[in-house]
Amino acid sequence: MSLKRFVLTLLLASLWAGCVVAADGDVVFKREGQEGTTPPAVFPHWIHRIRYRCYACHASLFEMKAGAVRITMDDIMAGKFCGVCHNGKTAWAVTFETCARCHKGQ
Amino acid sequence: MMVGCLMVMLLTGCQAATRQKMLSLVFDGATPTPPPPTRRLRRDLLREIETLQEQLRQAREESALAQQGPARAAEAQTPAAPARPIEQARTWDEAAKLLPSSDDMPDWVKAVSDGVIAPKPGLDPQAAREPVLPLDVELVPADDPTYAVLFRHEPHTAWLSCANCHPAIFQMKRGADTITMDKITEGKYCGVCHGKVAFSADACARCHQAMATP
(Lines give C-alpha, C1' and ligand atoms only; values in the text may rest on other atoms or scores of the structure.)
Protein backbone atom coordinates (compact mmCIF):
# COMPACT_ATOMS: atom_id res chain seq x y z
CA MET A 1 0.00 0.00 0.00
CA SER A 2 2.70 2.42 1.04
CA LEU A 3 4.77 1.40 -2.00
CA LYS A 4 1.79 2.08 -4.28
CA ARG A 5 1.33 5.49 -2.71
CA PHE A 6 5.05 6.21 -3.13
CA VAL A 7 4.96 5.24 -6.79
CA LEU A 8 1.84 7.34 -7.33
CA THR A 9 3.42 10.34 -5.62
CA LEU A 10 6.56 9.88 -7.72
CA LEU A 11 4.45 9.69 -10.88
CA LEU A 12 2.47 12.80 -9.97
CA ALA A 13 5.64 14.65 -9.02
CA SER A 14 7.28 13.80 -12.34
CA LEU A 15 4.14 14.90 -14.21
CA TRP A 16 4.08 18.17 -12.31
CA ALA A 17 7.78 18.71 -12.96
CA GLY A 18 7.19 18.00 -16.64
CA CYS A 19 4.65 20.80 -16.80
CA VAL A 20 6.80 23.38 -15.09
CA VAL A 21 9.26 23.94 -17.89
CA ALA A 22 8.70 27.66 -18.30
CA ALA A 23 11.81 29.64 -17.52
CA ASP A 24 12.13 33.10 -16.02
CA GLY A 25 10.48 35.64 -18.25
CA ASP A 26 8.73 33.19 -20.56
CA VAL A 27 5.48 34.64 -21.82
CA VAL A 28 2.40 32.58 -22.58
CA PHE A 29 0.28 34.76 -24.79
CA LYS A 30 -3.48 34.91 -24.49
CA ARG A 31 -5.25 34.33 -27.75
CA GLU A 32 -7.98 36.76 -28.67
CA GLY A 33 -9.24 34.70 -31.57
CA GLN A 34 -11.91 32.05 -31.37
CA GLU A 35 -11.15 28.83 -29.59
CA GLY A 36 -9.58 26.82 -32.33
CA THR A 37 -6.92 24.30 -32.99
CA THR A 38 -3.99 26.71 -32.66
CA PRO A 39 -2.69 26.74 -29.12
CA PRO A 40 -1.40 30.01 -27.60
CA ALA A 41 2.14 31.11 -28.41
CA VAL A 42 4.84 30.72 -25.78
CA PHE A 43 7.69 33.19 -25.96
CA PRO A 44 10.94 31.73 -24.57
CA HIS A 45 12.59 34.81 -23.08
CA TRP A 46 15.78 32.93 -22.16
CA ILE A 47 16.59 31.94 -25.76
CA HIS A 48 16.51 35.57 -26.75
CA ARG A 49 18.29 36.77 -23.63
CA ILE A 50 21.39 34.64 -24.14
CA ARG A 51 21.77 36.32 -27.54
CA TYR A 52 20.66 39.89 -26.96
CA ARG A 53 20.85 42.50 -24.22
CA CYS A 54 17.56 43.88 -22.88
CA TYR A 55 17.83 47.12 -24.82
CA ALA A 56 18.11 45.33 -28.17
CA CYS A 57 14.34 44.73 -27.99
CA HIS A 58 13.04 46.81 -25.06
CA ALA A 59 11.32 49.12 -25.35
CA SER A 60 11.75 49.87 -29.07
CA LEU A 61 10.14 46.60 -30.26
CA PHE A 62 8.39 45.38 -27.13
CA GLU A 63 7.17 47.12 -23.97
CA MET A 64 8.88 45.90 -20.81
CA LYS A 65 5.61 44.56 -19.44
CA ALA A 66 4.65 41.14 -20.78
CA GLY A 67 1.48 41.19 -22.81
CA ALA A 68 1.31 45.01 -22.82
CA VAL A 69 0.97 45.09 -26.60
CA ARG A 70 -1.48 43.22 -28.81
CA ILE A 71 0.51 41.22 -31.36
CA THR A 72 -1.14 39.68 -34.39
CA MET A 73 0.22 37.34 -37.04
CA ASP A 74 -0.48 40.07 -39.61
CA ASP A 75 1.84 42.39 -37.65
CA ILE A 76 4.53 39.72 -37.57
CA MET A 77 4.20 38.97 -41.30
CA ALA A 78 4.41 42.73 -41.94
CA GLY A 79 7.81 42.78 -40.24
CA LYS A 80 6.70 44.15 -36.89
CA PHE A 81 7.33 42.72 -33.39
CA CYS A 82 8.74 39.15 -33.77
CA GLY A 83 8.80 39.73 -37.54
CA VAL A 84 11.64 42.23 -37.19
CA CYS A 85 13.99 39.23 -36.81
CA HIS A 86 11.87 36.20 -37.70
CA ASN A 87 11.98 36.82 -41.43
CA GLY A 88 14.34 34.12 -42.65
CA LYS A 89 17.33 36.46 -42.51
CA THR A 90 18.17 37.20 -38.87
CA ALA A 91 16.16 34.26 -37.52
CA TRP A 92 13.94 31.51 -38.89
CA ALA A 93 10.98 32.73 -40.91
CA VAL A 94 7.35 32.52 -39.85
CA THR A 95 5.79 29.96 -42.19
CA PHE A 96 3.26 27.11 -41.97
CA GLU A 97 6.21 24.82 -41.21
CA THR A 98 7.19 26.81 -38.13
CA CYS A 99 3.79 27.46 -36.46
CA ALA A 100 4.43 24.94 -33.72
CA ARG A 101 7.73 26.46 -32.71
CA CYS A 102 5.72 29.16 -30.91
CA HIS A 103 2.16 27.87 -30.85
CA LYS A 104 2.72 24.97 -28.53
CA GLY A 105 0.54 26.08 -25.63
CA GLN A 106 1.36 25.11 -22.11
CA MET B 1 54.57 82.78 -95.70
CA MET B 2 51.04 84.18 -95.72
CA VAL B 3 49.59 80.67 -95.63
CA GLY B 4 51.79 79.87 -92.62
CA CYS B 5 50.59 83.01 -90.80
CA LEU B 6 46.95 82.16 -91.56
CA MET B 7 47.42 78.62 -90.28
CA VAL B 8 48.95 79.92 -87.03
CA MET B 9 46.09 82.44 -86.63
CA LEU B 10 43.47 79.79 -87.35
CA LEU B 11 44.99 77.33 -84.91
CA THR B 12 45.43 79.84 -82.12
CA GLY B 13 42.00 81.29 -82.87
CA CYS B 14 40.43 77.99 -82.03
CA GLN B 15 41.35 78.40 -78.36
CA ALA B 16 38.80 80.50 -76.52
CA ALA B 17 41.21 82.80 -74.67
CA THR B 18 43.47 83.53 -77.64
CA ARG B 19 40.49 83.94 -79.93
CA GLN B 20 39.26 86.74 -77.73
CA LYS B 21 42.71 88.41 -77.87
CA MET B 22 42.90 88.05 -81.66
CA LEU B 23 39.39 89.40 -82.19
CA SER B 24 39.94 92.42 -79.97
CA LEU B 25 43.25 93.06 -81.81
CA VAL B 26 41.59 93.09 -85.25
CA PHE B 27 38.05 94.35 -84.49
CA ASP B 28 37.00 97.21 -82.22
CA GLY B 29 34.19 96.56 -79.79
CA ALA B 30 34.57 92.80 -79.79
CA THR B 31 32.70 92.03 -76.60
CA PRO B 32 34.72 89.97 -74.18
CA THR B 33 32.63 86.84 -73.58
CA PRO B 34 33.18 84.90 -70.35
CA PRO B 35 35.12 81.77 -71.07
CA PRO B 36 33.05 78.63 -70.93
CA PRO B 37 33.79 76.26 -68.01
CA THR B 38 36.84 74.34 -68.95
CA ARG B 39 37.52 70.71 -68.21
CA ARG B 40 40.03 71.67 -65.57
CA LEU B 41 37.52 73.81 -63.68
CA ARG B 42 34.94 71.02 -63.65
CA ARG B 43 37.54 68.53 -62.49
CA ASP B 44 38.58 70.87 -59.69
CA LEU B 45 34.99 71.30 -58.59
CA LEU B 46 34.46 67.55 -58.58
CA ARG B 47 37.61 67.11 -56.53
CA GLU B 48 36.45 69.78 -54.10
CA ILE B 49 33.05 68.09 -53.72
CA GLU B 50 34.80 64.77 -53.08
CA THR B 51 37.06 66.33 -50.44
CA LEU B 52 34.10 67.98 -48.71
CA GLN B 53 32.11 64.75 -48.75
CA GLU B 54 35.08 62.92 -47.25
CA GLN B 55 35.44 65.58 -44.53
CA LEU B 56 31.72 65.36 -43.74
CA ARG B 57 31.90 61.56 -43.51
CA GLN B 58 34.90 61.75 -41.16
CA ALA B 59 33.22 64.41 -39.01
CA ARG B 60 30.06 62.30 -38.76
CA GLU B 61 32.07 59.24 -37.74
CA GLU B 62 34.00 61.19 -35.15
CA SER B 63 30.88 62.73 -33.61
CA ALA B 64 29.17 59.33 -33.55
CA LEU B 65 32.18 57.78 -31.78
CA ALA B 66 32.36 60.71 -29.34
CA GLN B 67 28.69 60.22 -28.47
CA GLN B 68 29.10 56.50 -28.03
CA GLY B 69 32.11 56.69 -25.76
CA PRO B 70 35.20 54.49 -25.74
CA ALA B 71 33.32 51.29 -24.86
CA ARG B 72 31.20 51.50 -27.99
CA ALA B 73 34.14 52.38 -30.19
CA ALA B 74 36.05 49.32 -28.98
CA GLU B 75 33.00 47.10 -29.43
CA ALA B 76 32.45 48.31 -32.98
CA GLN B 77 35.95 47.22 -33.92
CA THR B 78 35.83 43.76 -32.36
CA PRO B 79 34.85 40.99 -34.78
CA ALA B 80 31.73 38.89 -34.28
CA ALA B 81 32.17 36.48 -31.38
CA PRO B 82 31.92 32.74 -32.12
CA ALA B 83 28.74 30.91 -31.09
CA ARG B 84 28.73 29.94 -27.41
CA PRO B 85 27.87 26.35 -26.27
CA ILE B 86 24.82 27.72 -24.45
CA GLU B 87 23.43 28.92 -27.77
CA GLN B 88 23.11 25.27 -28.80
CA ALA B 89 20.82 24.53 -25.82
CA ARG B 90 17.38 23.34 -26.93
CA THR B 91 15.62 23.58 -23.57
CA TRP B 92 15.79 25.90 -20.58
CA ASP B 93 17.03 23.04 -18.41
CA GLU B 94 20.00 22.52 -20.72
CA ALA B 95 20.76 26.24 -20.73
CA ALA B 96 20.33 26.62 -16.96
CA LYS B 97 23.02 23.98 -16.35
CA LEU B 98 25.54 26.10 -18.26
CA LEU B 99 24.70 29.36 -16.48
CA PRO B 100 26.47 30.43 -13.28
CA SER B 101 24.15 30.72 -10.30
CA SER B 102 23.94 32.64 -7.06
CA ASP B 103 21.43 31.91 -4.30
CA ASP B 104 20.14 28.99 -6.42
CA MET B 105 19.09 31.40 -9.17
CA PRO B 106 20.74 32.09 -12.52
CA ASP B 107 23.31 34.87 -12.21
CA TRP B 108 22.83 36.70 -15.50
CA VAL B 109 25.36 39.43 -14.73
CA LYS B 110 28.04 36.85 -13.95
CA ALA B 111 27.08 34.97 -17.11
CA VAL B 112 28.04 38.04 -19.13
CA SER B 113 31.19 38.86 -17.17
CA ASP B 114 32.36 35.21 -17.32
CA GLY B 115 31.70 35.12 -21.06
CA VAL B 116 29.21 32.22 -20.83
CA ILE B 117 26.92 34.40 -22.91
CA ALA B 118 27.73 37.37 -25.14
CA PRO B 119 24.38 39.05 -25.70
CA LYS B 120 24.47 41.44 -28.63
CA PRO B 121 23.52 45.08 -28.14
CA GLY B 122 21.20 45.21 -31.11
CA LEU B 123 19.85 43.55 -34.20
CA ASP B 124 22.24 45.45 -36.46
CA PRO B 125 25.66 43.69 -36.49
CA GLN B 126 27.23 47.15 -36.16
CA ALA B 127 25.01 48.09 -33.19
CA ALA B 128 27.05 49.58 -30.37
CA ARG B 129 26.83 48.78 -26.66
CA GLU B 130 25.23 51.22 -24.29
CA PRO B 131 27.84 52.65 -21.90
CA VAL B 132 28.24 50.92 -18.53
CA LEU B 133 27.68 53.42 -15.70
CA PRO B 134 29.88 52.86 -12.63
CA LEU B 135 27.58 54.81 -10.28
CA ASP B 136 26.64 53.47 -6.86
CA VAL B 137 23.61 54.95 -5.13
CA GLU B 138 23.02 54.39 -1.42
CA LEU B 139 19.36 54.24 -0.49
CA VAL B 140 18.87 54.52 3.26
CA PRO B 141 15.39 54.09 4.78
CA ALA B 142 14.70 56.90 7.24
CA ASP B 143 13.07 54.59 9.79
CA ASP B 144 15.69 51.83 9.80
CA PRO B 145 19.15 52.56 8.37
CA THR B 146 20.20 48.93 8.81
CA TYR B 147 18.13 48.11 5.73
CA ALA B 148 20.22 50.45 3.60
CA VAL B 149 20.67 49.34 0.02
CA LEU B 150 23.69 50.02 -2.14
CA PHE B 151 22.24 50.18 -5.61
CA ARG B 152 24.91 49.56 -8.23
CA HIS B 153 24.28 50.90 -11.71
CA GLU B 154 27.20 48.94 -13.15
CA PRO B 155 25.66 45.43 -13.31
CA HIS B 156 22.33 46.90 -14.38
CA THR B 157 23.80 48.89 -17.26
CA ALA B 158 25.59 45.77 -18.49
CA TRP B 159 22.14 44.63 -19.56
CA LEU B 160 19.94 47.70 -19.66
CA SER B 161 19.98 51.15 -21.19
CA CYS B 162 19.12 54.23 -19.09
CA ALA B 163 15.77 54.56 -20.86
CA ASN B 164 14.73 51.02 -19.90
CA CYS B 165 14.27 52.17 -16.29
CA HIS B 166 14.28 55.98 -16.28
CA PRO B 167 11.94 57.70 -15.82
CA ALA B 168 9.10 55.18 -16.30
CA ILE B 169 10.10 52.89 -13.41
CA PHE B 170 12.41 55.15 -11.39
CA GLN B 171 12.55 58.93 -11.46
CA MET B 172 15.99 60.30 -12.20
CA LYS B 173 16.29 62.05 -8.84
CA ARG B 174 17.55 59.86 -6.02
CA GLY B 175 14.98 59.41 -3.26
CA ALA B 176 12.16 60.78 -5.41
CA ASP B 177 10.41 57.40 -5.23
CA THR B 178 9.44 55.72 -1.97
CA ILE B 179 10.46 52.13 -2.60
CA THR B 180 9.17 49.50 -0.19
CA MET B 181 9.52 45.72 -0.14
CA ASP B 182 5.73 45.44 -0.48
CA LYS B 183 5.80 47.42 -3.69
CA ILE B 184 8.71 45.34 -4.98
CA THR B 185 6.93 42.04 -4.33
CA GLU B 186 3.84 43.51 -6.03
CA GLY B 187 5.97 43.93 -9.14
CA LYS B 188 6.72 47.63 -8.89
CA TYR B 189 10.14 49.38 -8.88
CA CYS B 190 12.85 46.66 -8.60
CA GLY B 191 10.04 44.11 -8.82
CA VAL B 192 9.47 44.98 -12.48
CA CYS B 193 12.44 42.70 -13.21
CA HIS B 194 13.51 41.11 -9.90
CA GLY B 195 11.44 38.02 -9.31
CA LYS B 196 10.68 37.74 -13.03
CA VAL B 197 13.82 37.95 -15.16
CA ALA B 198 16.34 38.69 -12.40
CA PHE B 199 16.98 37.21 -8.96
CA SER B 200 14.02 37.37 -6.60
CA ALA B 201 13.51 39.33 -3.39
CA ASP B 202 14.34 36.17 -1.45
CA ALA B 203 18.03 36.95 -1.84
CA CYS B 204 17.92 39.71 0.82
CA ALA B 205 21.66 40.23 1.27
CA ARG B 206 22.33 40.86 -2.37
CA CYS B 207 20.77 44.31 -1.91
CA HIS B 208 20.70 44.81 1.87
CA GLN B 209 24.42 44.39 2.52
CA ALA B 210 23.97 44.50 6.30
CA MET B 211 21.94 41.28 6.11
CA ALA B 212 24.85 39.31 4.65
CA THR B 213 25.98 36.45 6.84
CA PRO B 214 29.66 36.84 7.70
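## Salt bridges in close-up

**View 1. Glu186(B) and Lys188(B) are joined by a salt bridge.** In this predicted model, the closest N and O atoms of Glu186(B) and Lys188(B) are 3.4 Å apart, where a salt bridge is a side-chain nitrogen of Lys or Arg within 4 Å of a carboxyl oxygen of Asp or Glu. Glu186(B) is exposed at 55% relative accessibility, whereas Lys188(B), at 45%, is partly exposed (buried means under 20% relative accessible area, exposed over 50%, and partly exposed in between, with a 1.4 Å probe and protein chains only).

**View 2. Lys110(B) pairs with Asp114(B) in a salt bridge.** The closest N and O atoms of this pair lie 3.0 Å apart. Lys110(B) is partly exposed, with a relative accessible area of 36%, and Asp114(B) is partly exposed at 44%.

**View 3. Asp103(B) and Arg206(B) form a salt bridge.** Their side chains meet at 3.2 Å, N to O. Because Asp103(B) lies in the loop between strand E1 (101-102) and strand E2 (105-106) of chain B, and Arg206(B) in the segment after helix H8 (181-185) of chain B, the pair ties together parts that are 103 residues apart in sequence (helices, H or I, of at least four residues and strands, E, of at least two are DSSP runs, numbered from the N terminus). Asp103(B) is partly exposed at 46%, as is Arg206(B) at 26%.

**View 4. Asp103(B), Asp107(B) and Arg206(B) are linked in a network of salt bridges.** Over all chains, a search of the whole structure finds 4 salt bridges.

**Notes.** Residues are numbered from 1 along each chain as its sequence is written, and chains are lettered from A in the order in which they are written. Local features need pLDDT of at least 70 and side-chain atom pairs count only at pLDDT 80 or more, while side-chain values use heavy atoms, with hydrogens and water left out.
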